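Let's take a friendly walk through this model together. Have the sequence and the 3D view open as you read.

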Amino acid sequence: MPPTAARSTVAKAAREVSFYGAVTFFFVLAAFPFYWMVITSFKNNSDLYDLANIPFWFNDPPTLEHFHYLFEQTLFVTWLLNSLIIGLCVVAITLVAALPAGYSLARMTGRNGEALGIGIFLTYLVPPTLLFLPLSRVVAELGLQNSMWSLVVVYPTFTIPFCTWLMMGFFKSMPPEIEEAAVVDGCSLFGAFIKMAIPLSLPGILTVVIFTFTLTLQEFVYALTFISSSDQKPITLGVATDLIRGDIYYWGEIMAGALLASIPVAIAYNIFLDRFIAGITGGAVK
Amino acid sequence: MIAIPNTVAKPVSRFRYILDRRDVLGSLFVAPAILYVLLLVGIPFLLAVYYAVSAYSIYDPSWDFVGLDNFQDILEDPVFLETLTNTFIFTFGSQTLGLVLGKFGALLLLRPFPGRKFVRAMIILPWAVPVALATVAWQWMFDSLYSVINWTLIAAGFIDRSDAPNWLGDPHLAMLSVIVVNGWRFFPFAIVIFLAGITAVPQDVVDAATVDGAGFWRRNYQIILPMILPIMAIGLIFGIVFTFTDLSIVFLMTMGGPIGATSVLGYKGFQVGIVSGDVAHGAAISLFMLPVLLVVVVAMLRFIRRREI
């Protein structure tokens, strides 16, 4: 009896060790590049570019010089503001189009609505690298070449399909009795949508707002294609392409900028992750 | 004098009557979204198709129809065939890597352990953070001189500083690097998709299988896997579409180089159509994505249908 007990204890310990070993592996794999951003952005240059130093921690005291440089000597603040303006405008356009569309497809259009919903969602899968050539012509016709307003026009092409789909799923999950009761009480259909459906779907609307905003922050291809002036760039494009002089990469500044731009998106994703997954799969897989 | 309020009231009520018809208001509600998508996705898409059979370039914005000449030019170019192969290797490699990592990561995260929420939050990062920003972090990690990966390999005694790999400068290593970065970016998405699928499997089905004597692997591959297949398919479809058409990772890390070794369709289309201004050939290159996209979309529709019946 004791030897088998001891053996099973050893086997259990081995299982635990390998389990936590595997968890650690995944943790390091996912998080190391971000740890590397943090370390690089707070290191001074002589520490950063000395091969004799151990790169994983600070050999000289941490410094804020890269952040100072980023805010004072580069257009970082402009890019931040550009991204904010682009994000807010795209959110507004997306809400105006996607809220009624999602509601209509969930409640008012019946069987056709289902097919139409799938059709709209599929346009989300049409890639930017297929559309950037004709869209750059459209942008030029609108007189918006090399301006951040071109992105305000173009980004809703993927946020509207995605958010219509999200809202459709959300409205479907709400009981229709409340709006029906309002209509019976003399409210118009439109009134029921404004006064009943919208306030009740605030959590869904919040998800749409957050995801539209993060999608605009993550976008890179259209920004790269349409914008070449530094002062018109959104933050992702600016940090990734504008902190390079000739062949010299300003790694401390690049990592500092990447870090600052990543944090809000990372937080938003973690909070809204479950809704996002339900949005992608929920409408399709019930 | 009394008649005036009546005539004013009538159109208002008719207007209200129209708005109260479910189908009319329904069409009005969905119209802005459809119009936006038609104008800025539908028409540009047709324009892209027309570009591909025209002689259009930014220097000569003519609309001359040239038939399939552009496609013929492209297919006669050996560099393009390499690009096409690269795109498949890039997609297949990174999706496989992402799926394998995703499957194992999901199995780990299924079990409760202290700090699981925090670990999950950190594991989501590669997918959540804007791809361009994560890519520049990797670019710095693959730096030819200050690569932290090389530093570690040298310090561990695996390699010598004199023959340290130049990750983005060697054709094979550069392809490996972009695949690793894209697989790394995709695996958290695969994890959450797997998790969403597995937690949706009813526990009593799993329990019944256990009672009937099914072991760990049997439960996993004969009970759970078939049940989560549709949700996996949707995840994979997203992965394939966004990888097959990707531009950002290759653009930022290698610029398609060295000597075209990591050039993929999205990058080539950008290089020819936008940078060189040869819109017609660029559009034709981009259109090579279409067959793959169509197959993927049809597969997706079939899965959606099957679930709904």
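Leaving aside its neighbours within four places in sequence, with which residues is A:Thr214 in contact?

## Before we start

This is a predicted model, in which local features need pLDDT of at least 70, side-chain atom pairs count only at pLDDT 80 or more, and totals for chains, interfaces and linings use all residues. Residues are numbered from 1 along each chain as its sequence is written, while chains are lettered from A and ligands numbered from 1 in the order in which they are written.

## A:Thr214 and its partners

Beyond the neighbours within four places in sequence, A:Thr214 is in contact with A:Val265, A:Ala268 and A:Tyr269; contact here means that the two C-beta atoms, placed from the backbone, lie within 7 Å. You will find A:Thr214 in helix H11 (residues 202-218) of chain A. Helices (H or I, at least four residues) and strands (E, at least two) are DSSP runs, numbered from the N terminus.

A:Thr214 counts as buried because it has 22 C-beta neighbours inside 10 Å. The cut-offs are 20 or more other C-beta atoms within 10 Å for buried, 12 or fewer for exposed, and partly exposed in between, with C-beta atoms placed from the backbone.

## Chain A as a whole

Chain A has 14 helices and two strands. Its radius of gyration is 25 Å, well over the 19 Å that the globule rule gives for 286 residues, so chain A is more spread out than a compact globule. That radius is taken over C-alpha atoms, and the rule is 2.2 Å times the number of residues to the power 0.38.

Along the principal axes, the C-alpha atoms of chain A fill a box of roughly 75 × 75 × 35 Å. Of the 286 residues of chain A, 46% count as buried.

## Two domains in chain A

Where they meet, seven residues of domain 1 of chain A are in contact with six residues of domain 2 of chain A. On the domain 1 side, the largest share, four residues, comes from H1(A). The residues on that side divide into three nonpolar, three polar and one charged. In this scheme Ala, Val, Leu, Ile, Met, Phe, Trp, Tyr, Cys and Pro are nonpolar, Asp, Glu, Lys and Arg are charged, and the others, Gly among them, are polar.

## The largest nonpolar core

The largest nonpolar core has 161 residues, and those with the most contacts inside it are A:Met167, A:Ala258, B:Leu133 and B:Ala137. A core of this kind is a set of buried Ala, Val, Leu, Ile, Met, Phe, Trp, Tyr and Cys residues joined through C-beta atoms within 7 Å. Helix H8 (residues 171-200) of chain B gives the most to this core, with 15 residues.

Leaving aside its neighbours within four places in sequence, A:Ala258 is in contact with A:Met37, A:Val239, B:Leu133, B:Val136 and B:Ala137.

## Two positive phi angles

Most residues other than glycine have a negative phi. A:Asn146, not a glycine, has a positive phi of about 60°, and sits in the loop between helix H6 (128-141) and helix H7 (149-154) of chain A. B:Ile259 likewise has a positive phi, of about 45°, and lies in the loop between helix H11 (248-253) and helix H12 (265-275) of chain B.
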